[in-house]
Amino acid sequence: MPKRKLKVEKTEEYIAKRTQEVLFSFKHLQTSVSYKNTKDSKFFVDFLERLKKLSELGWEEIRKSQRHSFGMEKIPVKSIRPQCPAFITPDVKELEVFRATGSNKVFVGIQQENIFHVIFIEANFGDVYTH
């Protein structure tokens, strides 16, 4: 019996839902900064809980949220202390910042469609940029 491929209907509703889905990529995460030097395991638990909550909200809700809550803000690339990876081309002038936990420690990256590429995780306040 020949195998049959399932045909997935990509309706407008399906596409709209997928573009609101928040995905995080760590492919470009810079490992020489901050988070590798912390011994605070609670930071990582809180950070994972934050990622889970952001994933549940969707981009529309994130955009409505305050920056010190679950929202994000922009920061000029020139304000970032560590060198940005080659992935961040010279035409990129700003990166986006989320709070990594309930404190002011942050994670920084760039959004492309529904994927947020995490570049820096600040486990020690002020390591990534001057607040």
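Which residues of helix 2 are buried? They are F43, F47, R50, L51 and L54, where buried means under 20% relative accessible area, exposed means over 50%, and partly exposed lies in between, with a 1.4 Å probe and protein chains only. The structure is a predicted model, in which local features need pLDDT of at least 70 and side-chain atom pairs count only at pLDDT 80 or more, while totals for chains, interfaces and linings use all residues. Residues are numbered from 1 along each chain as its sequence is written, and side-chain values use heavy atoms, with hydrogens and water left out.

**Helix 2**

Helices (H or I, at least four residues) and strands (E, at least two) are DSSP runs, numbered from the N terminus. Seen down the axis of helix 2, the buried residues fall within an arc of 100°, so they line one face of the helix; the arc is that of the directions from the helix axis to the C-beta atoms. On the other side of this helix, S41, K42, L48 and K52 are exposed. The cover over the buried residues includes strand 1, helix 3, strand 3, strand 4 and strand 5, with contact meaning heavy atoms within 4.5 Å.

At the N-terminal end, D40 caps helix 2 through a side-chain oxygen that lies 3.2 Å from the backbone nitrogen of K42, a polar contact being a pair of N or O atoms within 3.5 Å, of which, within protein, one must be able to donate a hydrogen and the other to accept it, and residues adjacent in sequence count only if both atoms are side-chain atoms. After helix 2 comes G58, whose phi is positive, near 90°.

Five strands form an open sheet in the order 1-5-4-3-2, with mixed pairing; two strands pair if DSSP finds at least two bridges between them. Strand 1 (23-25) and strand 2 (72-76) stand at the edges with a single partner strand each, so one side of each is left without a neighbour in the sheet.

Strand 1 and strand 5 (residues 115-121) run parallel and are joined by three bridges, whereas strand 4 and strand 5 pair in the antiparallel sense over six bridges. Some residues that face strand 5 are listed here.

|---|---|
| I110 | H117 |

In the hairpin of strand 4 and strand 5, two residues lie between the strands, and E113 takes a positive phi near 55°. Six of the seven residues of strand 5 are buried, so this strand is largely enclosed by the rest of the structure.
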